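Thank you for making time this morning.

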Amino acid sequence: MSAVREKGPSGAGSYPDRAGTGTGGPRVVGGLVLRTGKGGLSLRVQGRVLVVTAVMLVALVAVALVTLTTGDFELSVGEVLRALLGHGSGGADFIVNTLRMPRLLTAMCVGAALAVSGAVLQSLTGNSLGSPDIIGFTNGSAVGALLVIIVLHGSMTQIAVGALIGGLATAAAMYLLMLGRGLQGFRLVVVGIGVSALLLAVNSYLITRATWQEALEAQAWLIGSLTNRGWQQANTIGIAVLVLLPPAFFLARRLSMVEMGDVTAMALGVDVTRTRALLLVIGVALAAFATAVTGPIWFIALAAPQLARRLTRASGPALAPAALMGALLLAASDLLAQRLFAPSLLPVGTATGTIGGLYLIWLLITESRKSRA
Amino acid sequence: MSVETRTAPEDRAVEPVVPRPGRTANTLRGLGLLASLGALVLVGLLSVWVGTRGIPFTATWSVLWHPDGSETSIIIHDYRIPRTLLGLLVGMALGLSGALMQALTRNPLADPGILGISLGASAGVVVAVAFLGVGSVLGYVWFAFLGAAVAAVAVYLLGSSGRTLATPDRLVVAGAAMTAVLYAFNSAVLLLNPRAFDEYRFWTVGSLSGRYYDVIHVILPFIAVGLLIALGLAPSLNALAMGDQLGRALGLNVGRTRVLGAVAVMLLCGAATAAAGPIGFVGLAVPHVARFVVGPDQRWVLTYSMLLAPVLLIGADVLGRVLGAPGEVQVGIITAFLGAPLFIALCRRRKLVML
């Protein structure tokens, strides 16, 4: 049995047994299987994933505590906790609940949304560079949002809708470009860079048409910022995450089968076309909502899933660790951007752009070693 | 990835790079050159004639030759003619640097904008403006060169890191990475320095407006030197097109050609960017058109690129004035709209053969 599967990964000659569905190769499946009752819901948990997840949670809590306690006004952990529970003094209550908490929550939700979007799209495109920021969806969302900001002077909700429409339209355009000729792997990424450049030109055009004040606002928004994000933004992205993450997690198992190739996935009983379409919409929607709230933040979607995958050594798309990693990365980046250049407020996009660019450079180097080694 | 890395030189060996064209072929190419020159003159005249203020063509024509100090005359002689001349210089520089880069890296997707070199130049300018208080174009130019050089070297090293050749796809992604880092850097610096920002938002999309004779004087020598090096290299580039090894066998000093070529790219690209901001896709599109028209001989490709690129750039500038009336659309935006679809079409080709 195992010999058959080693030689025929397409699955044409063999049908899978229950133990092996999650992995592509002949790896021994380890870990703990959690089941409810008669197995209506079952989950395989690997020790390494649990440990990594726990460490990331601890780090996230640490970052959150530092974010909430430090700044222009230092607060003790006790003061913060009391304020969070509603018993804080007036000043602490204002600082924690009006200024710091919504910003922190926005950062974590946006980070998680971007990371899951990146994980899903990287998996669908089969390329570690196929994240929404690289292949143009983020710029598409930005075009939609900028149109609403500059032309329609819309509200937060309208900006979100504009970003969503822009992102989906870009995804549709990329899909059409991918039709017909095989457009996979690196080629897809390169075409995405072209589409991105085109959309960037649209953005620049919109900015030159705006008044000076609008332009400054739009430019600050375009680099991705968490400054002055309040409960309205936190709620918007929070609801989006609550609505979109569960179906993404639910579909993740099928996604790992789609990753093995269409034929294998179909043989395993996965409706490939529908799974793909659903996941594409979810991935784009997550990126679009994140973009609507903070502006285009680069590289979280690219880096977080990869880092999570490397840490957990998961074989498929590990969405939950990716989400945690995204939340951690963005919250930490925002903390850095706020504190390092203290009196002046740098948008978080500058931090993720710089760090993420360096990461991309490292990715390029390691990938090239791997492909030719 | 279906990029042909190893078969490309063999393809070239089968199909000689420098075929011996008959007299007729060269005559046709010469005629084409004259036609391009005609188009350039035509577009130049158009650029002098079309503008925010509608001036009848007859008036434009007569004032062009007999400046009389009137308002019309001042508009034409102090604004539109220098702007057109600047377009000519910048266009020539961009077209030549694009053609050079494509020949040197044997990469059909090479373009100073796409590979992040223009943004390197602008990062140099941003540093000069924000930290060193440099306020003149002559000052910009040196920093633009420095930025362009650093970015070019970094992107090339990245694209060819590991044991791989610098394939077109990889170089583009390396360029995108470089662009992202520099973009974040520029934004951060400019956001902390709002007064520089208002100037920059027009500069960054590439514009020919508001930069006149003094700018031309500053960049002219750099572009002239770059142009001479580029044209002098043309025969060596033909040998290089057959691959490093064959080129060496033909007696080519590959290392020297590369270094000289890189210097020319830097001079041309840095000067163009310092004068007009980063303008993408001109250097990408024009050499392709040139190769389509005249075939692979680099001597012709470089000459045609040098003439056709300003046609495209000045044309895009005029188009921006027409479309954006009563204001104008920056030329960099127009070239992106024209060039990006071509870029996408090039990528979609089944086989992205290295040049």
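Is B:R299 buried, partly exposed or exposed? This is a predicted model, and in it B:R299 comes out as partly exposed, with a relative accessible area of 42%. The partner of B:R299 in a salt bridge is B:D297, with the closest N and O atoms 2.9 Å apart, and B:D297, at 6% relative accessibility, counts as buried.

Over all chains the structure holds four salt bridges. In chain A, one of them joins A:D334 to A:R103, where the closest N and O atoms are 2.8 Å apart. Because A:D334 sits in helix α13 (residues 319-340) of chain A and A:R103 in helix α4 of chain A, the pair ties together parts that lie 231 residues apart in sequence. A:D334 is buried at 3% relative accessibility, and A:R103 is buried at 12%.

Turning to chain B, the side chains of B:R83 and B:D317 meet in a salt bridge at 2.7 Å, N to O. This pair links helix α4 (residues 71-105) of chain B, which holds B:R83, with helix α13 (residues 298-323) of chain B, which holds B:D317, the two residues being 234 residues apart.

Finally, the packing: the largest nonpolar core has 191 residues, among which B:V90 and B:F343 touch the most other members. Helix α4 (residues 90-125) of chain A gives the most to this core, with 18 residues.

Note on methods:
Residues numbered from 1 in each chain as written. Chains lettered and ligands numbered in written order. Predicted model: local features only at pLDDT ≥ 70, side-chain atom pairs only at ≥ 80, totals over all residues. Heavy atoms only, no water. Core = buried A, V, L, I, M, F, W, Y, C linked by side-chain atoms within 4.5 Å. Buried < 20%, exposed > 50% of the residue type's maximum accessible area, 1.4 Å probe, protein only. Helix = DSSP H or I, 4+ residues; strand = E, 2+ residues; numbered from the N terminus.
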